[in-house]
Amino acid sequence: MSNQIDPTVDPYGYLGMAPNTDGSIIRIVENIPNTPACPNPSDSNPVLTKDIPVNESNNTWVRIFLPRKVFDSAPAGKLPVIVYYHGGGLILLSAASTIFHEFCSNVAVQIPAVIVSSEYRLAPEHRLPAAYDDCMEALQWIKTTTDQWLTKYADFSKCYLMGSSAGGNIAYHIGLRAVGCVDDLNPVKIRGLILHQPFFGGIERTRSEIRLVNDKVIPPCVTDIMWELALPTGVDRDHEYCNPMVGMKSEVLEQIKEQGWKILITGCDGDPLIDRQIELAKVLEEKGLRVVGEFSEKGFHGYGILDSSEANILFGFLKNFIKSL
């Protein structure tokens with residue numbers, strides 16, 4: 001995304017894209033900084049990282065984040081596993097993007113936990129459900145891996161699915177899929193979902209979307225384009241991938257209750273998506289699920305990631321949530 005372009009004036013330019021007449025797009029700029037993995041124990045980083053291929057034909061992989069302190073000395077016990085899905089509106093960014101690399105590194109240290117960040121294919125080249133398929137495949141990979149960082153230091157019985165923005169959408173939908181095949185995922189046992197400012201939408205504007213129509217981070221005109229590029233061809237924003245109020249299956253929610261999963265949903269009043277996040281928390285709670293909603297009066301979309309000064313608040317939410325399970 002370009003900080004020099006007003007998203008409400010030129011949303012495609014803001015996204016670093018130009019539309020073609022046939023509905024495809026041209027990616028104009030690819031200057032978003034990435035950070036390479038650093039698995040070398042002799043490096044001074046507080047977190048060791050490495051990339052492992054999952055599906056080479058789809059160019060998908062995972063980046064593992066391991067706190068150095070558990071590598072350098074025998075831990076008292078294994079660490080929980082957080083499977084993380086990056087944001088970017090389903091059309092941008094990567095597990096290697098510096099903002100998500102640094103965020104996952106901080107989460108790994110602060111919780112502490114082993115983080116498995118999933119790389120997935122982006123739209124519009126690969127429209128949904130491609131990202132869901134890739135992330136489900138990565139979850140299956142975790143259960144069969146022989147990688148020593150995971151087998152030695154990760155407690156597969158304490159697994160959490162977490163995502164930020166579009167990654168929060170993915171975490172939600174992977175949860176809906178995974179709860180129907182929990183036996184097939186053994187020894188991975190999911191304990192909860194962590195939806196950090198999850199990216200949802202719908203045709204009818206919410207009050208927060210109207211109030212923040214000129215938001216400088218993620219105004220509705222930009223999210224409309226993201227959904228237009230990400231959703232299957234021919235569907236609108238009231239598709240279940242976008243609008244969680246559509247097609248909500250009671251039998252799936254009942255399975256989540258039976259598994260005892262807990263769901264953390266975070267948001268803030270400066271985010272145009274806040275009303276959709278609050279609505280999801282309310283509806284899931286009404287359905288009998290264990291939901292924790294952490295919604296603040298300040299902030300903006302991407303707080304805790306784009307603004308590291310807010311990260312400690314988010315880390316506090318995460319620590320309390322994981323300790324409660």
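Colleague: How far is the sulfur of Cys268 from the closest cysteine sulfur, and in which residue does that one lie?

Modeller: This is a predicted model, in which local features need pLDDT of at least 70, side-chain atom pairs count only at pLDDT 80 or more, and totals for chains, interfaces and linings use all residues. Residues are numbered from 1 along each chain as its sequence is written, and side-chain values use heavy atoms, with hydrogens and water left out. A disulfide is a pair of cysteine sulfur atoms within 2.5 Å, so the sulfur of Cys268 is too far for a bond. The distance is 18 Å, to the sulfur of Cys221.

Colleague: Is Cys268 buried or exposed?

Modeller: Buried means under 20% relative accessible area, exposed over 50%, and partly exposed in between, with a 1.4 Å probe and protein chains only. The relative accessibility of Cys268 is 0%, so Cys268 counts as buried.

Colleague: How are the rings of Phe199 and Trp227 paired?

Modeller: Rings of Phe, Tyr and Trp (its six-membered ring) pair if their centres lie within 6.5 Å, and planes under 30 degrees apart count as stacked, over 60 as edge-to-face and the rest as tilted. By this rule there are eight aromatic pairs. In Phe199 and Trp227 the centres are 4.5 Å apart and the planes at 10°, so the pair is stacked.

Colleague: Which ring does the charged end of Lys50 sit over?

Modeller: A charge sits over a ring if NZ of Lys or CZ of Arg is within 6 Å of the ring centre and within 35 degrees of the ring normal. The charged end of Lys50 is 4.3 Å from the centre of the ring in question, which belongs to Trp149.
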